Structures are given as C-alpha cells and as structure tokens.
Amino acid sequence: MKLLRRKEGPSLDSRLAALLEAAELAEGRLPEEAVSGARTVAERAGVRRTLSIDHTVAALAGATGSGKSSLYNALAGTDLAAVGVVRPTTSAAQAALWDGEGSGPLLDWLDIPQRHPAASASDLSGLVLLDLPDHDSIQVSHRLEVDRLVELVDLLVWVVDPQKYADAALHDRYLRRLAAHRGVMLVVLNQVDRLPDSAVDRCLRDLRRLLDEDGLAGVPVLAVSARTGAGLAELRALLNDRVAERKSWSTRLAADIATAAARLGAPEEAPAGQAMDRALTAALCEAAGVPLVVEAVAKGHRHRAVVATGWPVTRWIRKLRPDPLRRLRIGTMAPVGGPVGELPAGGSSGKSAASSGQGPGTEVVGRTSVPAASAVQRARVETAIRDVGEAAAADLPGPWAAAVRQAARSRSQELTDAVDRVVATTSAGATRRPRWWRAVNVLQWLVFAAMVAGALWLGGLFGMDYLRLPQPPLPTVGVVPWPTVLLVGGALAGVLIALLSRLAAWAGGRRRARRTARALRTAVGRVGDDLVLAPVRGELDRYARFTEALTRARA
Ligand SMILES: Nc1nc2c(ncn2[C@@H]2O[C@H](COP(=O)(O)OP(=O)(O)OP(=O)(O)O)[C@@H](O)[C@H]2O)c(=O)[nH]1
Ligand SMILES: [Mg+2]
C-alpha cells in the first residue's frame, strides 16, 4: 500500500495543545465534566494520531434491523456478519479490512478482536469497515459498544430504513449532538427496494429535511438496497473518495476538539479588569489606624524635639511623659536595614508574638499597639474587597466571575498582619532626629553653662560680700556687670531658643506627619495590591489565557 505522510499540518497539533491548555486553565473553575471531557478528547486525539493514518475506520451504525450487517456483507463481498431475523442480531462489532496490513494496533486500540479481510476488489484500499450493534438496543451492552465506537471511528455511516429513519433515538441522541462532525458523516437510506419508486424520492426529501434540522446540512444521503445492490456503487465510490483522501481521521479529531472547546465555553474578549483600589486602600488605612499613627507621628516629633532642644532647666518635665509614637510601639522595633532604616531602639518587650519579616533585609518586626480595627472598619474592608471582586468579575461568564470574586477574598486573612507590619516599618523612620536638634542642644547647654557661670560668679561675689572681703574689680557690659549678663542673658536666651525650636518642631512635625501619611498610604496600598488585587489580576489573566487558548483550539 502506498504510504502517504501526515496531512494534518501543524494546526491539529497546536489546536490540541490549546485545548489541553484551556482545560488546564479551567481546572477548578468550570464543571469537572467539561474539563475532563476536554482532557479525554485531547488524549484520544493524541493516540489516534500515532496509529495508522493510512487506514480510515468507517462504522456502520443504526437501529436494529436497518440492515447494517447486510450492507457490511454486501460491501465486503462475502457473508462475514450474521444477518438475522431475530432482533437484535449483531452483539459485538467486527471489522472488514481492505488492505489491512498495519491496521493491527489501530484495531487493538478500537478493541475489536474480530477482523476479516474483505473479499471485494481493492478499490477501497485502506478502509476498515465496522459493523456495529444496534444503537437503540434493548441490550445495554450493545448501546455502550455503539457509544464507545462512535467516539473513536474516523467516519460515521448511519444506516436507516424507510420505517425508522425519523426515530427520535437516532436524531436526539446522536445526529443532532454530532452536528460538528458533519464532515465525517454519511447517511444511507437502506431497503429502498421495499419502497415503490415514487416513494423513494419523497422519503429521501423527508430525511434530508430532518438532517438539515439536526444541523447536518451537506451530509451526503444515499438511497441503497443491500438486498438488490441498488446504490451500492455510489456508496462504494463515496467511501473510496474518503478513504483515498486519508483525511477523515484528522477532520474527526478537529471536530472533537471543537466540540470539547465549545463545552468549555465561548471564547469571549477578556474584559480589562480595572480594579478599584482607592476605596480598598482607604478602608485598609482606616482599619490599620493610620490616622492615629499619623497624629502620633506629629506629636511624637514635637515631643522629642522638646526633649532634645528644650530649655535644660525644664525639659526633664517633658521627659517624664511618654513618647506618643513609641507608645504605639512604633519605632521601638524597626526593620534592620529596611527602607526607612533606623536601628532598633530599646528591647522587644512585645506583648504579642512577633511576626516574621517579609524578606531579606528585614528583621522580625513586632505588632504595633495600634488598637485593633473596629467591627465597622473591618466591615468596610470586607466591602471594599467585595467591590474589587465584583468590579473585576462584572463582564465574566458565571463560573469565572465566581473564581475572580473568590480570588479577591483568597488572602484577606493575611491583611491585618501585613498592614500592621508595613505601618510599623513605614512609620518607624518618623522617629529619626533632625540634625539641627543636636546643634541646638549644644547651643542650649552652652547658654545654660553661661547662665550657671553667671550664677556661680554672682554667688561668689555674694559670698565675698558676706565675708566682708574686698570686692575684686567687676567687668561690665555698659553699666550691667558681666555675671548678671551671663545669668539673665543665659536664661533668656535658653528660653528663647526653646521657644523658637518648639515653633520649628511644630512645623517639622506637621511636615513629617504629612510625609508619613503619604508613605503609609502607598505602603498600605501595596499590601492591598499584593493580597487582593494581585490574586484578582492573576485570575483575570488566567481567564484571558483561557479564552485565548480556546480561540486557538477552535480555529
Ligand atoms: N428488503 C430488504 N431487506 C433487507 C435489506 N437489508 C437488510 N434487510 C433485512 O433486514 C433484516 C435485518 O438485517 P440486518 O443486516 O441483520 O440488520 P442489522 O442492522 O445488522 O440489525 P442488528 O444487527 O440487529 O442491529 C434482515 O432480515 C435482512 O435480510 C434491504 O436492503 N432490503
Ligand atoms: Mg447486524
């Protein structure tokens, strides 16, 4: 036999790969049945392609008594199959082979042990003709055998007779469902010898109409008689064409792929999922106590400014009060080498267990003492998450929309900890001391020292006067003696410097609070992006890849 090479081209390959990819992506999203159906088709197609493509497997299928076995014998030119009067006659499929060499593995795969060489001329070279049991059998095993082989063969030849050609069993259970397979289907109206000539055309027209209604327009319909041999030449010629083309197998697989892909869904344009993250960020910020932290940043800054630059005589009073920011346990445990880099100050006397850092460069960061979110705040976060899911799912088909909504919620358990962590790390930098504080501090102490010197000097003078000792000469600035200048001037200067510093710290605190607020919004927004929007984007991307694969599978 002449060996022809594969004619499928790369398209069947890529369509198969696309179908598998679509099934993979639909896993857990679409009904298991559709997903496994697609996998089965892909697997089956994969196997058929490795078996003889020089053979075309055609199956004679139909109701009991329609004359499948008679037709099989007529085509094979010998009585291979039993033709009976007791219905149903055929219980197991058998194969007639025209040049069957090399068809063994194919028939093994079809699981048909009964194989016979055909006796007729070799014009049908490469044909493997199957005689199937009846599809409408009272025997379940017959129906199962038919259903199994209908899924596998390359070419379907439906044999109907004038009485039962309109049977619902045939049209509903098979023909209509196999509309995508019309390229590999023939319909044979057998037993036309039992009709008067005038009725044959009418019968054919009626059958044609029914087939058109089944979505099988274009499927060849032939009138034959297995008994008289009428129309057999045409049938033989038609079969010969199909067998010679050696394309039925790939046409069938292509139809299988299209059907499986259609069961996965219609390829639609994936909507551009524009997630609304502003509301989410705002809700997360509220729940994480960002406004509280921002306020504490400003207050804490002013507090530390007073401690660092206040008048030495009175600043200790301020020291007695706690730092508002540290009271929230912010800045007490900061990331080591983190982006806002302040070395951890103080011990970690955390009341709650420390949560682990987020990556290299970050150390263990404890929970802040920012009060836990209220029920209202938590509800607002949940609403925002739901809104993100709803907005992204809006234009998706049902199961995918559900998957997207689920994706939005998938990591919401982690939100509280993650947001708290970034609040702690982001605002930790707000405890850094501006350099001018140190300079002012030095100045404060110099002025303080001058004041003390003045006081000591005056005290010395006072003591000498008390002891009636002669007064040393007293240098003056104008008329005011130096020790008085030092004491009073030092005190006034100290208070003035403290007041000016306080003014600057007030502005600085406000600036720092604003900057921290911005940084916190960005950082919290990033957490929302990581834990809510990213999973949604992932699912939308999955859907986009799915529809893209589906489009390729159906090409
Ligand atoms: N008049 C006439 N009778 C036919 C023709 N073809 C088959 N028969 C008869 O119809 C009856 C059934 O034929 P089978 O070939 O056994 O039918 P089948 O479709 O194989 O039936 P199952 O094996 O039960 O599914 C037999 O008595 C045949 O002689 C035909 O073209 N004309
Ligand atoms: Mg039979």
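Predicted model: local features only at pLDDT ≥ 70, side-chain atom pairs only at ≥ 80, totals over all residues.
The protein chain comprises 18 helices and nine strands. Of its 555 residues, 46% count as buried. Contacts within the chain were also examined by sequence separation: among those between residues at least 6 apart in sequence, 77% join residues at least 24 apart.

Ser69 belongs to helix H3 (residues 68–76), whereas Thr90 is in the loop between H3 and strand E2 (94–97), so the pair ties together parts that are 21 residues apart in sequence.

Two packed helices are described by the angle between their axes and the distance between the axes. Helix H14 (residues 375–393) packs on helix H15 (residues 398–409) at an angle of about 150°, and the axes are 8 Å apart. Since angles over 145 degrees count as roughly antiparallel, H14 is roughly antiparallel to H15. The crossing in which H14 passes H15 is right-handed. On the H14 side the contact involves Ile385, Gly389, Glu390, Ala392 and Ala393, and on the H15 side Ala401, Val404, Arg405, Ala408 and Arg409. Classified by residue type, this contact of H14 with H15 contains six nonpolar, one polar and three charged residues.

H9 passes H18 in a left-handed crossing. The residues that meet are Ile257, Ala261, Ala262 and Leu264 of H9 and Phe546, Leu550, Ala553 and Arg554 of H18. Seven residues of the contact of H9 with H18 are nonpolar, none is polar and one is charged.

Backbone geometry was considered for two arginine residues. Arg329 has a positive phi of about 60° although it is not a glycine. Arg329 is located in the loop between helix H13 (324–327) and H14, and its relative accessibility of 14% places Arg329 among the buried residues. Arg468 also has a positive phi, near 55°, in a residue other than glycine. The position of Arg468 is in the loop between helix H17 (435–466) and strand E8 (476–477). Arg468 is exposed, with a relative accessible area of 71%. Thus Arg329 is buried, whereas Arg468 is exposed.

A further residue, Leu144, lies in helix H5 (residues 140–150). Leu144 has a relative accessible area of 54% and is exposed, the threshold for that class being over 50%. The C-alpha atoms of Leu144 and Asp134 are 10.0 Å apart in space, the two residues being 10 apart in sequence.

Terms used
Residues numbered from 1 in each chain as written. Chains lettered and ligands numbered in written order. Heavy atoms only, no water. Helix = DSSP H or I, 4+ residues; strand = E, 2+ residues; numbered from the N terminus. Axes fitted to C-alpha atoms, helices over the stretch in contact; angles between N-to-C directions. Parallel < 35°, antiparallel > 145°, perpendicular 65-115°, else oblique. Left-handed = near helix turned anticlockwise from the far one by under 90°. Contact = heavy atoms within 4.5 Å. Nonpolar A, V, L, I, M, F, W, Y, C, P; charged D, E, K, R; others polar. Buried < 20%, exposed > 50% of the residue type's maximum accessible area, 1.4 Å probe, protein only.
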